[in-house]
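Here is a short briefing on one protein chain. Please keep the sequence and the 3D view open while you read.

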Amino acid sequence: MRRPRTLGAVLSVLATTVASAGLVLGSGVGAQAATNAATPLPAHVFAPYFEAYNGDSPAALSEQSGAKYLTMAFVQTEARGSCTPYWNGESGRPIAPSEFGADFTTIRSRGGDVIPSFGGYAADNGGTEIADSCTDVDSIAAAYEKVITTYDVSRLDMDIEDNSLENSAGIDRRNKAIKKVQDWAAANGRSVQISYTLPTTTSGLADSGLAVLENAVSNGTRVDVVNLMTFDYYDGASHNMAQDTRTAISGLKGQLADLYPAKTDAQLWGMTGIIEMPGIDDYGPAETFTTADAISVYNWAVSKGVSTLSFWALQRDNGGCPGTGGSDTCSGIAQDTWYFSHTFAPFTSGAGPVTDDYSVTVAPASATVAPGGSTTATVNTAVTSGNAGTVALTTSGAPAGVTAALSPASVTAGGTSKLTVNASASAAPGTYRISVTGTAGTLSHAATFTLTVSGPGDGTGALVNGDFETGSLSPWTCETGGAVVSTPVHGGSHALAAAAGPSRTGECTQTLALSPNTKYTLSGWVQGNYGYLGVRGDASASTWGSSSGYAKQSVAFTTGSTGTVTVYLHGWYGQGTVYGDDISVTS
């Protein structure tokens, strides 16, 4: 897999001198740490790749995504000819507790672990994969041992592709070094697994990948897992990515059966691993791994007893760049953030096939109406696992004089419905909670819409959460990037950020049901270039300004016959984020 960074400057590095018999590191650290046997990984584990070169915290993204186990990419030398391993081949990032040590400890405290991965496309292409770079088998083994003992890990991954597949000397050195490490680990009571990550065809390993495993067998090297990169086929064909995964892994299982004739079917399936690339891969849209593919592959992997489920890479598990292929920061398809992580995560616990499930939310989550007024909101449903089914929607909790209607009354999970709430002239002032419930078979999920019926002629205070001290947007809604922030603020500890960009104003809005034919003043504190504050709907008025600090903006308006207006704050195209705080509507 790829590592889109240039390699460091070529340095002259002396090869590490290692005792060929014991493989004990010169510092003695390896001998001491070898007594602390790491906990073996689960028999079935989901461990997506983490791009270690971009400055993210592994522990933080592990927690956010729910991926307890991570494959850390990559370890390599800093230059051809070197025998010294570094993270990403950067000499300033040594294999030491100071690099990722605290993160790994945190991940383990949450019940997870990490798998350091050697190689990767850039190293394999550039000659800095350690067995290609270093010609001394003992030094290669010592480098593997150093990673194992420094981070107390129980599995190393070898990502071998491109030029490394053609380097027969490197292939042989690598397997000989792994065999030495396995002998060392056995002598010290340590469990160490080795996985190979290899490119594939849709029917299994190509001859070059198979030769890596054949060499391992000839050297007496144990290979515990073979991961296939079931993407980037570059064959010009059309692809059903889930089906291609099944045929590729089935082909691999047959190849493993030839290499290991004494193993049972279950043991052979237990040697296989799957690495997907969510969304559009490097080849382009013809090779797109969809959210539906993820469910299909997960269920198939569970049914076969596959060992490892992974994808490249954790930082891509979001829908932030629709239509973009091969990005390192987004999948290029429409998806919820962490969709693929959430779908694959149960694989570690040995859970059964994915079941159909969904969520129900209402936006905005609250509104104020005067007696005789009405308001609307959108009921959103989303598939949280499995496939989309029909969700029947109902409401409950509306007080006397208030009606709540849904159109349509049922949707396919992922669809929306319009909630219309009408308050009659006799509706009693007060705040009420209306439940919107979605039912599909035996499953039921509900969301709450908070309705405030104002007193006669009472329009003041109709704006909700104008100081943002709830810490959340509700009932405001914003374009992409809008959020409640803790700095900069005008008062209190929170403010609103409207994220204007090259193609959007970043508008944030809230709809109010005010008294008809009544004069009001909208005011608020705004910071940023071209910050607009205004209303539209049954009244139209706005004001704007540019300020490096908070400045008060006010505008008067008079409602028409319905009293329903939408308050908005936005910036201007390409002018950057605008902040708002202490926004109010008064009569």
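**Strands, rings and charges**

Five strands form an open sheet in the order β14-β21-β20-β16-β18, with mixed pairing. Its edge strands are β14 (366–369) and β18 (410–412), and each pairs on one side only. From one strand to the next, the twist averages 30 degrees. The model is predicted.

**Strand pairing**

- Strands of a sheet pair through backbone hydrogen bonds, either parallel or antiparallel.
- Strand β16 (residues 390–396) pairs with β18 in the antiparallel sense, over three bridges.
- Thr-390 has Thr-412, in β18, as its bridge partner.
- β13 and strand β15 (residues 374–385) also pair in the antiparallel sense, here over seven bridges.
- Opposite Ser-359 stands Ala-382 in β15.

**The two faces of β13**

- In a regular strand the side chains alternate between the two faces of the sheet.
- The side chains along β13 alternate.
- Tyr-358, Val-360 and Val-362 point to one face and are buried.

**Aromatic pairs**

- The whole structure holds 23 aromatic pairs.
- One of them joins Tyr-298 and Phe-347 edge-to-face, at 6.3 Å centre to centre and 75 degrees between the planes.
- Tyr-298 lies in helix α11 (residues 291–304) and Phe-347 in the loop between α12 (339–344) and β13 (357–363), so this pair ties together parts that are 49 residues apart in sequence.
- Tyr-298 counts as buried because its relative accessibility is 1%.
- Phe-347 is buried too, with a relative accessible area of 2%.
- Tyr-532 and Trp-544 are stacked, because their ring centres are 5.9 Å apart and their planes are at 25 degrees.
- Tyr-532 lies in strand β26 (residues 519–537) and Trp-544 in strand β27 (residues 541–558), so the pair ties together parts that are 12 residues apart in sequence.
- At 18% relative accessibility, Tyr-532 counts as buried.

**Ring cluster and surface patch**

- Ring pairs link Tyr-530, Tyr-532, Trp-544, Trp-572 and Tyr-573 into a cluster.
- Tyr-530, Trp-544, Trp-572 and Tyr-573 make a nonpolar surface patch of about 440 Å².
- Tyr-573 lies in the loop between β28 (564–570) and β29 (578–586).
- The relative accessible area of Tyr-573 is 42%, so this residue is partly exposed.

**Salt bridges**

- The count comes to 12 salt bridges.
- Asp-152 and Arg-190 meet through their side chains at 3.2 Å, N to O.
- That pair links distant parts of the chain, 38 residues apart: Asp-152 is in the loop between α6 (137–151) and β6 (155–159), and Arg-190 is in the loop between α7 (168–187) and β7 (193–199).
- Asp-152 is partly exposed at 27% relative accessible area, whereas Arg-190 is buried at 5%.
- Asp-224 bridges to Arg-222, with the closest N and O atoms 2.9 Å apart.
- Here Asp-224 is buried at 18%, while Arg-222 is partly exposed at 39%.
- Lys-253 and Asp-265 form a salt bridge at 2.9 Å, N to O.
- Lys-253 lies in helix α9 (residues 241–259) and Asp-265 in helix α10 (residues 265–269), so the pair ties together parts that are 12 residues apart in sequence.
- Lys-253 counts as buried at 14% relative accessibility, and Asp-265 is partly exposed at 48%.

Definitions and conventions:
Residues numbered from 1 in each chain as written. Predicted model: local features only at pLDDT ≥ 70, side-chain atom pairs only at ≥ 80, totals over all residues. Heavy atoms only, no water. Pairing = 2+ DSSP bridges. Helix = DSSP H or I, 4+ residues; strand = E, 2+ residues; numbered from the N terminus. Axes fitted to C-alpha atoms, helices over the stretch in contact; angles between N-to-C directions. Patch = residues over 30% accessible without salt bridge, like charges linked within 9 Å, V, L, I, M, F, W, Y side chains within 5 Å. Areas by Shrake-Rupley, 256 points an atom, 1.4 Å probe, with all protein chains shown as cover. Salt bridge = Lys/Arg side-chain N within 4 Å of Asp/Glu carboxyl O. Buried < 20%, exposed > 50% of the residue type's maximum accessible area, 1.4 Å probe, protein only. Phe/Tyr/Trp six-rings, centres within 6.5 Å; stacked < 30°, edge-to-face > 60°.
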